[in-house]
Structure formats: C-alpha cells, structure tokens
Amino acid sequence: MTVATPADAASRSSFLPMTIVGALFFIFGFVTWLNGSLIPFLQIICELNEFQALFVTFAFYIAYTVMALPMSSILRRTGYRNGMAVGLGIMAVGSVLFIPAAFSANFLMFLLALFVLGTGLTILQTASNPYVVHIGPKESAAMRISIMGLINKGAGVIVPILFTALVLADLEGFTAGHLAAMAPAEREAQISELSARLVMPYIYMTLALVVLIALVKFSALPEIAFEGEEEEEEHADKSGIVHFPQVILGAIAIFAYVGVEVIAGDTIGLYGASLEVNNFASLTSYTMVFMVIGYLLGVSCIPRFISQEKALLASALAGIACIFGIIFSSAESHAISSLLWGWSGIPTIPDTVTFVAMMGLAHALVWPSVWPLALEGLGKYTAQGSALLIMGISGGAILPLIFGKIAHFSDNVQLGYWIGLPCYLFILFYALKGHKMRSW
C-alpha cells in the first residue's frame, strides 16, 4: 500500500484521490439530503406531528455522536482507505433495512435504518474530511473541501427532485388529513401503497454503495500518514485532544453549523407544508441550490481573494441576517423569490421561506472553513480531532428537535427558527477568536 506524508501528498497530483473522494461526497449528499423529503413523507404514512417527524434527523445524526470515537479507533487499525470501504459497507446494510421498514410502514424500523446509515457515514466522514485537508497545501484546504461540498450539495439538489418524481408522483396536495378522513381499511391500503414506493429507490442505493466499495477497495487511492517524529516532539506537552482549544471550540462550531444546516434543509418542507406551498417535499432543493452557490464562491475565492477566516466571518454574519429575515418577513409576500427567479418560470415561494433557503448560501462555507482551522497543527492527534469534529454533527440531531418543540407548542413553525440565532453567534465567535486559541 502506498503511504504518503502530507508533504508528499502536496507534491503529487491529487486528481485521482479527489475524484474518488468526490464520488463519496456525492453519496454523502444523496443520503443526507434525502431526509428533507423523507420527513414530510413519513409524517404522512406514519401519522406523525412535527416533533415526532423530526426524530428522522435525530436518529440519523445522533449516530455521529454515538459512533464517532469507535469509528476513529477502527480507522487507526484499518487506515483511512480501508475505513472508507467499511463505512460504505455499513451504509449498504442501512439501505437494505429500509426495505422491511417500507413494507411494514413501521416508524421505529425506519429510525433503525437511518441510524445504521448514519453510522456508516460517520466513519466515511471521519476518514474523508481530514483526507481532503491533507491531500494538498493547507492554504487551499477550504477550497478543496468546498469542491467536495459542491458535489455533496449538488446531490442535495437532485435527490428531492428524484424523490418527488419516483415516490410522490400523483400526490400533489396529499396530506395526513386525507388519510385521517379515510375508512380504516382504505387508510391501511393507502399507507401500504405509499410506503412500498420507497423500496426500489433504496435497492438502487444499495447497488450504488456496493459499486463504490469496490472502487475504493481496489483503486490506487493513497493512504495518508499523519504521525511522525516531528509531531511527537511538537506535542510532547499535550496529553490529549482536550488540550487543543481550536478543535474543541471547532466541534462546538460544527455542532451549531450542522444544526442550522439541517434545519434549513430538512424543515423547509414542513414550513412550506404549514403555509400550504405546493410541492413542499421539493423545497429542500431550493436550500441546496443556495448552498451550491455558496460552495462555488468558496471554490473560486478561497484562498485567492478571501481567507478561510474571513469566509467564516462572512458566513456567520449572513446567517444572522437570514434568521431575522425569516422571523420578520411576510408569508404572503413572494417579492424576493419573484426577483430572484420569477423570470425563469420556477415556482416562487413566500419570502419567509426564501430566507430559510438562503440560509444555505449563508452557512455554505462554515464546514470547509472550520475543518482546516480546527485541525491545524494536530499532528498525531488528527484522527481524534477529526472524530471530535464529527461528533459535532450531533447538532443535526438535537437542534432540529428543539426547533420541532418550539414549532409544535407555539403552533407556529416560523418561531422555531429563532434557534438559529445563538448558533450563528457562536460561529461568529469562532471566526473572530476561537480558531486562534492554542491554550485555555
């Protein structure tokens, strides 16, 4: 097996590794952003309220917290390349579990399948993100992660459209209220017919994952080594990852970021449904389009025109502006979306929903900026630091549930978006000071 130090990696062409890892990031996006369409669908067939429906995100993202450290231990034994293959295998198992879940229309079975998918993604994310950081010069790490994010969010644009075409065909305007009005036998038959529509998409996903396992396992993807005598001497005074404030605070920033990212992508459908927006299950695509625009800006501007630190600062400020836009915009006005794309024939949406979608643009560069800033100088602690940052993804499990509680008990989905304000404020702190801290 080819082993390269970060210096070696910087000097060799990274095209092949970036291509293979790019395929992995597409799968990340496809699986992750499928949840945005899955939530309102499961809300119908499992007859859930807003809070219960958001257990979809909880089951998926809590796997990152529960499994991150065990997965980092696996990586230390298998190496990063083989670890990616293991992660893909676990994801294939989770994808297969969707088939009995669909036939039974059992919500707990769906949650188990989502947890297993999240577990597989945990090891993939733990391996692939530091891999992208160290495959080339550190100054352009955010640019490389932006490329991966562009691929990831490109999948996020596609998957709601595919889900709507393959699963939600002939269901425009169909809601849980329609099921409640049916006779018991008719309701059971309708639920079975709807849930069975999930089977073929997850069979295709399983096959795609098996192909990717072969690609990773038998490719010339180089292994990356992060440890050496130089790092041993440099960190002789460090007894563990907790002595690196930049990564501890970075994990909290990731927690805040993933929370608002999931809220922006996965609750926009619920919000649209509450406002009786047509094709609400496809609204996640709007958020993903804005994220793609953000990543394009990252690819083209970092580090040529803007530093990773400045990109993070701009993201935090734009996110704060979006939260105020969501809360104080009218649900009746379509002025902003009409201005942005009304000329193109794309259906316009209420301004308050448009600001939810624009959160995607606001926070697109948080992930690619935090990773290189948090991992800088970790040396032999890189795997632990990566696992800690991955644990921060649990924000996607916890913060949407808080959002759901606020929305459910206030009977106003719009008010739930206040939860984003403290998240963006912490990201602002990390951009200004947190990433520079090297001691407590």
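What volume does the largest cavity have? The largest cavity has a volume of about 200 Å³. The model is a predicted one, in which local features need pLDDT of at least 70 and side-chain atom pairs count only at pLDDT 80 or more, while totals for chains, interfaces and linings use all residues. Residues are numbered from 1 along each chain as its sequence is written, and side-chain values use heavy atoms, with hydrogens and water left out.

**The cavity**

- One cavity of 30 Å³ or more turns up when the whole structure is searched.
- A cavity is a set of points, on a 1 Å grid over the protein atoms alone, where a 1.4 Å probe fits but cannot get out, and its lining residues have an atom within 4 Å of a point.
- Grid points are joined across faces, edges and corners, and the volume is the space filled by probe spheres set on the points.
- The largest cavity is lined by 18 residues, of which Gln125, Asn152, Lys153, Glu261 and Trp367 are the closest to its centre.
- At least two lining residues come from each of α2 (15-45), α4 (55-78), α7 (141-166) and α12 (245-266); helices here are DSSP runs (H or I, at least four residues), numbered from the N terminus.
- With five residues, α7 gives the most to this lining.
- By class, the lining has 12 nonpolar, four polar and two charged residues. Ala, Val, Leu, Ile, Met, Phe, Trp, Tyr, Cys and Pro count as nonpolar, Asp, Glu, Lys and Arg as charged, and the others, Gly among them, as polar.

**Helix α18**

- Helix α18 (residues 366-375) is largely enclosed by the rest of the structure, because 10 of its 10 residues are buried (under 20% relative accessible area, with a 1.4 Å probe and protein chains only).
- The buried residues of α18 include Trp367, Trp371 and Leu375.

**Helices α12 and α17**

- The axes of α12 and α17 (residues 351-363) come within 8 Å and cross at roughly 145°. Axes are lines fitted to C-alpha atoms, for helices over the stretch in contact, and angles run from 0 to 180 degrees between N-to-C directions.
- Tyr257, Val260, Glu261 and Ala264 in α12 meet Val356, Met359 and His363 in α17, where contact means heavy atoms within 4.5 Å.
- This contact of α12 with α17 has five nonpolar, one polar and one charged residues.

**Phe30**

- Phe30 lies in helix α2.
- Leaving out residues up to four places away in sequence, Phe30 touches Ala155, Val159, Leu162 and Met205.
- Phe30 and Ala155 are 125 residues apart in sequence, yet 5.1 Å apart in space, C-alpha to C-alpha.

Key. On a 1 Å grid over the protein atoms alone, a cavity is a set of points where a 1.4 Å probe fits but cannot get out, and a pocket is an open set with protein on both sides within 12 Å along at least five of seven lines; lining residues have an atom within 4 Å of a point. Buried means under 20% relative accessible area, exposed over 50%, partly exposed in between (1.4 Å probe, protein chains only).
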